[in-house]
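Colleague: I would like a close look at one part of this model. Please keep to the point, and give me your cut-offs as you go.

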Amino acid sequence: MVETEVKTADLCDEHASELEVCYLDLKSYGGKKGFFGPISTVKVFEDNVLVKEALQTIPEGSVLVVDGGGSKRCALLGDRLGDIAQQRKLAGVIINGCVRDTAELAKQKVGILALGSNPLKSIKKGQGERDITLQFGEVRWQPGHYVYADEDGVVLSAKPLHK
């Protein structure tokens with residue numbers, strides 16, 4: 001897969017009427033600061049079993065969007081799950097929740113955005129939903145739509161906008 005740099009500012013300049021801008025204050029934890037791809041979704045609360053399952057099964061180049069309900073009480077992704085994302089050549093992971101093992105995540109060649117970090121691991125009950133439309137950050141995260149992320153922010157589009 002050839003990596004192409006896509007700037008969110010340029011996308012906004014060229015396609016503003018086709019984009020949704022995420023208004024959540026996400027921090028970058030992965031080794032890739034800019035990434036894009038088709039959206040796959042998971043909705044969980046302080047339980048990362050479905051996060052791991054999704055990372056192991058979604059297509060290469062995808063971005064896993066995890067709605068953790070905004071909880072900062074535990075991490076939904078750490079170095080082991082980050083390694084799965086990297087090995088499977090996923091573009092990135094966006095989490096409405098926390099990560100851990102941040103020093104290791106920073107070395108992995110995958111984009112990772114989250115609200116913050118917490119060293120506590122999540123529970124393992126396997127509860128939640130996959131492949132549903134999520135709503136957070138004032139945008140709708142629809143499976144199959146596209147997300148573009150870089151240091152300037154996160155934007156969503158119903159169709160691919162890169163060449």
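Colleague: Where is Asp131 found, in terms of the strands around it?

Modeller: Asp131 is found in the loop between strand 8 (129-130) and strand 9 (134-136). Strands (E, at least two residues) and helices (H or I, at least four) are DSSP runs, numbered from the N terminus. First, the ground rules. This is a predicted model, where local features need pLDDT of at least 70, side-chain atom pairs count only at pLDDT 80 or more, and totals for chains, interfaces and linings use all residues. Residues are numbered from 1 along each chain as its sequence is written, and side-chain values use heavy atoms, without hydrogens or water.

Now the backbone of that loop. Asp131 is not a glycine, yet its phi is positive, near 60°. Most residues other than glycine have a negative phi. Asp101 also has a positive phi, about 60°, and is not a glycine. Asp101 sits in the loop between strand 6 (92-99) and helix 4 (102-105).

Asp101 brings in a charge pair. Arg100 forms a salt bridge with Asp101, with the closest N and O atoms 3.9 Å apart. A salt bridge here is a side-chain nitrogen of Lys or Arg within 4 Å of a carboxyl oxygen of Asp or Glu. Asp101 is partly exposed, at 28% relative accessible area. Arg100 is partly exposed too, at 26%. The bands are buried under 20%, exposed over 50%, and partly exposed in between (1.4 Å probe, protein chains only).

The count comes to 3 salt bridges. One of them joins Lys159 and Glu18 at 3.2 Å, N to O. Lys159 follows strand 12 (153-157) and Glu18 lies in the loop between helix 1 (8-15) and strand 1 (19-21), so the pair ties together parts 141 residues apart in sequence. Another joins Arg73 and Glu46 at 2.7 Å, N to O. Arg73 lies in the loop between strand 4 and strand 5, and Glu46 in the loop between strand 3 (35-43) and helix 2, so this pair links parts 27 residues apart in sequence. Arg73 is exposed at 57%, whereas Glu46 is buried at 14%.

The largest nonpolar core has 23 residues, and Leu55, Leu64 and Leu77 have the most contacts inside it. Such a core is a set of buried Ala, Val, Leu, Ile, Met, Phe, Trp, Tyr and Cys residues joined through side-chain atoms within 4.5 Å. Helix 2 gives the most to this core, with 4 residues.
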